[in-house]
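Subject: Structure for your files

Hello,

Here is the structure I said I would pass on. My notes on it follow below.

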Amino acid sequence: LTKNQKLGATIFFGKGRCVVCHSGKQFSDFEFHGLAIPQLRVGKHGSHLDYGRAAASSRSQDRFTFRTPPLRNVSHTGPWGHNGIFQTIKASIEHHFNPVPLLFQAQKESPLEAQYAGRILGYRSPILAEISPLGPKDIKHLLEFLSALNSPTVMSDEVALPTKVPSNNNEFIKK
């Protein structure tokens with residue numbers, strides 16, 4: 001690791017508290033957490049809401065919670081967020097420690113978002129309240145550490161992707 005990547009690691013494992021949810025070999029606890037992400041009318045439930053884990057568990061406390069994504073190769077897996085709202089990892093990180101600006105912006109743009117913003121914020125995981133505010137240099141170093149989690153693929157697409165699937169929907173196959 002470079003010096004800046006090491007500084008990012010100290011933030012990841014220290015004051016950023018990222019490791020609380022992003023732990024283990026894949027940098028994920030594979031648990032469900034709420035980040036208070038605006039819905040943006042892309043949800044699959046009534047009024048275009050995405051209730052997240054609650055759709056499977058039928059437990060109200062699971063509303064608006066989503067599985068912690070692994071961070072291996074995170075630099076190559078955008079857009080980020082369960083609904084793809086974040087175009088950069090930096091925006092995702094900033095939202096983790098302060099969801100209010102994005103929720104406010106969504107409310108200004110859509111009256112429907114304004115109806116749900118308070119509920120969504122209410123389901124934000126308490127773990128996130130323990131994150132220390134991160135400054136621009138902290139975020140820069142954290143991004144550099146996350147780039148160190150990139151690795152070459154284990155197998156090529158030619159080996160990993162099937163030549164056809166039973167549904168005959170072969171649009172995903174590279175030719």
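Helices (H or I, at least four residues) and strands (E, at least two) are taken as DSSP runs and numbered from the N terminus. On that basis the chain has seven helices and two strands, in the order α-β-α-β-α-α-α-α-α along the sequence. The model is predicted, so to speak of its limits: local features need pLDDT of at least 70, side-chain atom pairs count only at pLDDT 80 or more, and totals for chains, interfaces and linings use all residues. Residues are numbered from 1 along each chain as its sequence is written, and side-chain values use heavy atoms, with hydrogens and water left out.

Overall, the C-alpha trace spans about 50 × 45 × 30 Å along its principal axes. Of the 175 residues in the chain, 34% are buried (under 20% relative accessible area; exposed is over 50%, partly exposed in between; 1.4 Å probe, protein chains only). Taking contact as heavy atoms within 4.5 Å, 68% of the contacts between residues at least 6 apart in sequence join residues at least 24 apart.

Helix H1 (residues 3-13) buries Gln-5, Gly-8, Ala-9, Ile-11 and Phe-12. Seen down the H1 axis, these residues fall within an arc of 160°, so they line one face of the helix; the arc is that of the directions from the helix axis to the C-beta atoms. Lys-3 and Thr-10, on the other side of H1, are exposed. Helix H6 (136-147) is part of what covers the buried residues of H1.

A nonpolar core here is a set of buried Ala, Val, Leu, Ile, Met, Phe, Trp, Tyr and Cys residues joined through side-chain atoms within 4.5 Å. The largest has 19 residues, and those touching the most other members are Phe-12, Leu-71, Ile-93, Leu-142, Phe-145 and Leu-146. H1, helix H3 (89-97) and H6 each give two or more residues to this core, and H6 gives the largest share, four residues. Another core, of seven residues, lies apart from it and includes Ala-36, Leu-103, Tyr-116 and Ile-120.

Helix H4 (residues 100-109) and helix H5 (residues 111-122) have axes that come within 6 Å and cross at roughly 155°. The axes are lines fitted to C-alpha atoms over the stretch in contact, with angles from 0 to 180 degrees between N-to-C directions. H4 and H5 are therefore roughly antiparallel (over 145 degrees). On the H4 side the contact involves Leu-103, Ala-106, Gln-107 and Glu-109.

Regards

Methods. Angles under 35 degrees count as roughly parallel, over 145 as roughly antiparallel, 65 to 115 as roughly perpendicular and the rest as oblique.
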